[in-house]
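This report describes a single protein chain through its sheets, its salt bridges and its nonpolar cores.

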Amino acid sequence: MITKNDDNSNASRFIAAYNTIDNALRSIYNFKRSMSYSDIIRRAASLNYVVRKYEDKLVDYGRLRNAIVHSSYEDVIIAEPHKDVLEEFEKIADLLSTPPKALSTIASRDVISLQADTVISDIFKLIYQKGYKNIPIYDNNNLIGVANAGKLAEVLGGAMVNDENVNDFLNTVTIKQVLLEAMDDNYYVIVSSKVTVEQVMELFNSNRKLLVVLITPNGLLTEKPIGIITVGDVVDMNRILDLY
């Protein structure tokens, strides 16, 4: 007879993974203790990229856990899960309980920022010379927006269509003017250094206009960025979660 005290058995490890996931999701989202495991998974799927990705499997594995543990004798295990199933369940448990931090895995730490009085021509030169496509803009010590190469090109194109003097536009208009007049703030967010890869994926998933995630020590507008993630990093973030 195999019991839960056989810590090295596949069944015991499977139950441990189940408990880890159950506890992690209850803690993260403050779910009531009265909620069932399957209800937690369904609710968390709308909030968490990893849960949503594995939602059906997590529900199925919850049923498997109930089948493993004899309903009348909670200390008795009546089946052993397959190795592949166990390893996937443990992987998901790790992703939810100790998720990879974005700053140490995917974020670029090569972030340059400019002041609000920088003229547009200087920004385009920097984009061309250094390859920066997203540049945080500060008015003294406060973040007021992100100079995005694509959006700046749209603004420049609009000026040309309106028969404005392009040379004057490039050399007299400041990025602060453009940010205040021609760009909304839905394409970037600012987060703290504690943000996880899953949380960044959820940000991109919930806002299709999002292009840039800026990381500062505490997620404050008065702090300089220590990392940056763009929509172009989504594929690599998926890979990180798959291989974690």
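This is a predicted model: local features need pLDDT of at least 70, side-chain atom pairs count only at pLDDT 80 or more; totals for chains, interfaces and linings use all residues.

Another open sheet is formed by 3 strands in the order S6-S7-S8, and its pairing is mixed. Because strand S6 (188-192) and strand S8 (227-230) stand at the edges with a single partner strand each, one side of each is left without a neighbour in the sheet. From one strand to the next, the twist averages 20°. The pairing of S6 with strand S7 (residues 212-216) is in the parallel sense and extends over 5 bridges; within it, Ser192 has Thr216 of S7 as its bridge partner. Helix H11 (residues 197-206) lies across S6, S7 and S8 and runs at about 145° to S7. As a general point, the strands of a sheet pair through backbone hydrogen bonds, either parallel or antiparallel.

**A buried asparagine in a loop**

Where does Asn48 sit, and which residues does Asn48 touch? Asn48 is placed in the loop between helix H2 (37-44) and helix H3 (49-53). With a relative accessible area of 3%, this residue falls under the 20% limit and therefore counts as buried. A polar atom of the Asn48 side chain lies 3.1 Å from the backbone nitrogen of Val51. If residues up to four places away in sequence are left out of the count, Asn48 touches Tyr29, Leu96, Glu198 and Glu202.

**Salt bridges**

Across the whole structure, a search finds 11 salt bridges.

| Pair | N to O distance |
|---|---|
| Arg13 and Glu90 | 2.8 Å |
| Arg26 and Asp22 | 2.9 Å |
| Asp60 and Arg63 | 2.8 Å |

The salt bridge of Arg13 with Glu90 links distant parts of the chain, with Arg13 in helix H1 (residues 10-29) and Glu90 in helix H5 (residues 83-97), 77 residues apart. Arg13 counts as partly exposed at 32% relative accessibility.

Arg26 and Asp22 are 4 residues apart in helix H1, so about one helical turn separates them. Are these two residues buried or exposed? Arg26 is buried, with a relative accessible area of 8%, and Asp22 is buried as well, with a relative accessible area of 9%. Asp60 and Arg63 are 3 residues apart in helix H4 (residues 55-68), and therefore they too are separated by about one helical turn. In this pair, Asp60 counts as partly exposed at 40% relative accessibility, whereas Arg63, at 52%, counts as exposed.

Salt bridges also link Arg42, Glu55 and Asp56 in a network.

In soluble globular proteins, nonpolar side chains tend to be buried together. In this model, the largest nonpolar core has 46 residues, and those with the most contacts inside it are Ile21, Leu58, Phe89 and Ile229. Helix H1 gives the most to this core, with 7 residues. Ile229 touches Ala102, Ile106, Ala107, Val200, Phe204, Leu211, Val212, Val213, Ile215 and Met237, again without counting residues up to four places away in sequence. Apart from this core lies another one, of 30 residues, which has Leu143, Val155, Leu170 and Met183 among its members.

Definitions and conventions:
Residues are numbered from 1 along each chain as its sequence is written. Side-chain values use heavy atoms; hydrogens and water are left out. Two strands pair if DSSP finds at least two bridges between them. Helices (H or I, at least four residues) and strands (E, at least two) are DSSP runs, numbered from the N terminus. Axes are lines fitted to C-alpha atoms, for helices over the stretch in contact, and angles run from 0 to 180 degrees between N-to-C directions. Contact means heavy atoms within 4.5 Å. Buried means under 20% relative accessible area, exposed over 50%, partly exposed in between (1.4 Å probe, protein chains only). A polar contact is a pair of N or O atoms within 3.5 Å; within protein, one must be able to donate a hydrogen and the other to accept it, and residues adjacent in sequence count only if both atoms are side-chain atoms. A salt bridge is a side-chain nitrogen of Lys or Arg within 4 Å of a carboxyl oxygen of Asp or Glu. A nonpolar core is a set of buried Ala, Val, Leu, Ile, Met, Phe, Trp, Tyr and Cys residues joined through side-chain atoms within 4.5 Å.
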